[in-house]
Amino acid sequence: MLTSKILRPFSSAPIRHLNVKDKNNVIRCVSPFVSSGDRRSYASQQEQDTGHEGARELDNMKCGRMQTVQLNVCKEEEVQRSVEHIRGRLKDPEKGLWGVVNNAGISTFGEVEFTSMETYKEVAEVNLWGTVRVTKACLPLLRRAKGRVVNISSMLGRMANPARSPYCITKFGVEAFSDCLRYEMHPRGVKVSIVEPGNFIAATSLYSPERIKAIADKMWEDLPEVVRQDYGRKYFEEKIAKMETYCNSGSADTSSVINAITHALTSSSPYTRYHPMDYYWWLRMQIMTHMPGAISDRIYIY
């Protein structure tokens with residue numbers, strides 16, 4: 001549902017490429033590649049033959065300008081192959097590519113001592129290095145068009161939260177990468193924007209009671225014995241129960257995110273940062289990023 005909602009506003013715009021990736025039903029990658037002269041579009045998923053929901057949503061749009069192609073943002077060779085695919089179908093490659101939106105992401109939970117290094121690496125490979133990998137591969141074309149890069153971060157890329165360190169680390173990284181890229185691309189005429197959505201768990205279906213239980217069971221099984229003994233099963237289960245309360249939380253209406261992406265791609269003066277979130281999260285983010293930590297921690301954490 002989220003995939004089709006994001007792509008629909010672009011169906012009548014001059015979109016060159018649309019890129020969607022599903023992995024284990026938790027990754028959502030929507031990377032519109034936009035050019036001003038060609039109205040065909042391409043949409044990619046990780047595995048074309050598995051009938052994932054994202055691919056079905058795109059096919060059901062019945063858009064003659066869009067085709068599905070394969071792309072895994074974690075694989076350098078697939079990214080390079082996709083960029084060559086784009087370049088080969090541009091009417092005039094020297095005019096470049098107008099825009100790229102990086103929205104590949106996975107999310108998980110768990111306190112630092114409950115989280116394996118493998119989990120940290122897996123989340124970073126998609127959320128952070130996938131963004132860097134795709135952006136770097138597209139920059140030569142984007143520079144020629146003096147185009148746009150739109151990176152989807154999160155409010156958790158500006159303020160941390162307990163039990164979300166794998167996700168927060170990667171989104172803080174996306175923020176830093178985007179800022180550095182914006183400074184460097186300014187002389188080249190390329191504009192870089194960051195979209196920092198608030199809580200849209202209800203819209204993205206990232207968590208369900210079944211998935212949380214599966215993650216928790218594996219997490220407990222893999223814990224070092226000393227961690228199990230020190231924290232105890234009761235504490236662990238209390239944290240899991242708290243996580244389950246978030247399954248249907250947040251907004252189910254993604255229009256504010258879609259509008260932010262659209263503005264970043266099409267406005268003559270795109271914003272550096274967009275904050276599609278409700279007022280509670282916006283105020284919390286301002287307090288946690290502008291007030292002393294001793295105060296903001298006391299209000300929201302302890």
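Two aromatic rings of Phe, Tyr or Trp are taken as a pair if their centres lie within 6.5 Å. The legends below describe close-up views of a predicted model.

**Figure 1. Aromatic pairs around Phe114.** Across the whole structure, a search finds 10 aromatic pairs. In one of them, the ring centres of Phe114 and Tyr235 are 6.4 Å apart and the planes stand at 70°, so this pair is edge-to-face. The two residues belong to distant parts of the chain, 121 residues apart, with Phe114 in the loop between S7 and helix H4 (117-127) and Tyr235 in helix H9. Phe114 counts as buried, because its relative accessibility is 7% and the limit for that class is under 20%. Tyr235, in turn, has a relative accessible area of 27% and is therefore partly exposed.

Figure 2. Because Phe114 lies in the loop between S7 and H4 while Phe236 lies in helix H9, the pair ties together parts that are 122 residues apart in sequence. Phe236 has a relative accessible area of 1%, so this residue is buried. Ring pairs join Phe114, Trp220, Tyr231, Tyr235 and Phe236 into a cluster.

**Figure 3. The largest pocket and its lining.** The volume of the largest pocket is about 1000 Å³. Its lining comprises 46 residues, of which Ser107, Leu156, Arg164, Tyr167 and Ile201 are the closest to the centre. By type, the lining residues divide into 27 nonpolar, 12 polar and 7 charged. At least two lining residues come from each of helix H1 (2-7), helix H6 (165-185), helix H7 (201-204), helix H9 (225-244), helix H10 (255-266) and helix H11 (279-290). H9 supplies the largest share of the lining, 5 residues.

**Figure 4. Strand S7 and its partner S8.** Strand S7 covers residues 99-102. Gly99 and Val101 point one way from this strand, Val100 and Asn102 point the other way, and all are buried. S7 pairs with strand S8 (residues 148-152) in the parallel sense, over 4 bridges. Within this pairing, Val101 stands opposite Val150 in S8.

Figure 5. Arg133 is part of helix H5, which spans residues 129-145. With a relative accessible area of 15%, Arg133 is buried, since the limit for that class is under 20%. Leaving aside residues up to four places away in sequence, Arg133 touches Val73, Cys74, Lys75, Glu76, Val79 and Glu125.

**Figure 6. Ile261 and Ser193.** Ile261 is found in helix H10, and its relative accessible area of 3% places this residue among the buried ones. Ile261 and Ser193 are 68 residues apart in sequence, and the distance between their C-alpha atoms is 8.9 Å.

Note on methods: Residues are numbered from 1 along each chain as its sequence is written. This is a predicted model: local features need pLDDT of at least 70, side-chain atom pairs count only at pLDDT 80 or more; totals for chains, interfaces and linings use all residues. Side-chain values use heavy atoms; hydrogens and water are left out. On a 1 Å grid over the protein atoms alone, a cavity is a set of points where a 1.4 Å probe fits but cannot get out, and a pocket is an open set with protein on both sides within 12 Å along at least five of seven lines; lining residues have an atom within 4 Å of a point. Grid points are joined across faces, edges and corners, and a volume is the space filled by probe spheres set on the points. Ala, Val, Leu, Ile, Met, Phe, Trp, Tyr, Cys and Pro count as nonpolar, Asp, Glu, Lys and Arg as charged, and the others, Gly among them, as polar. Buried means under 20% relative accessible area, exposed over 50%, partly exposed in between (1.4 Å probe, protein chains only). Two strands pair if DSSP finds at least two bridges between them. Contact means heavy atoms within 4.5 Å. Rings of Phe, Tyr and Trp (its six-membered ring) pair if their centres lie within 6.5 Å; planes under 30 degrees apart count as stacked, over 60 as edge-to-face and the rest as tilted.
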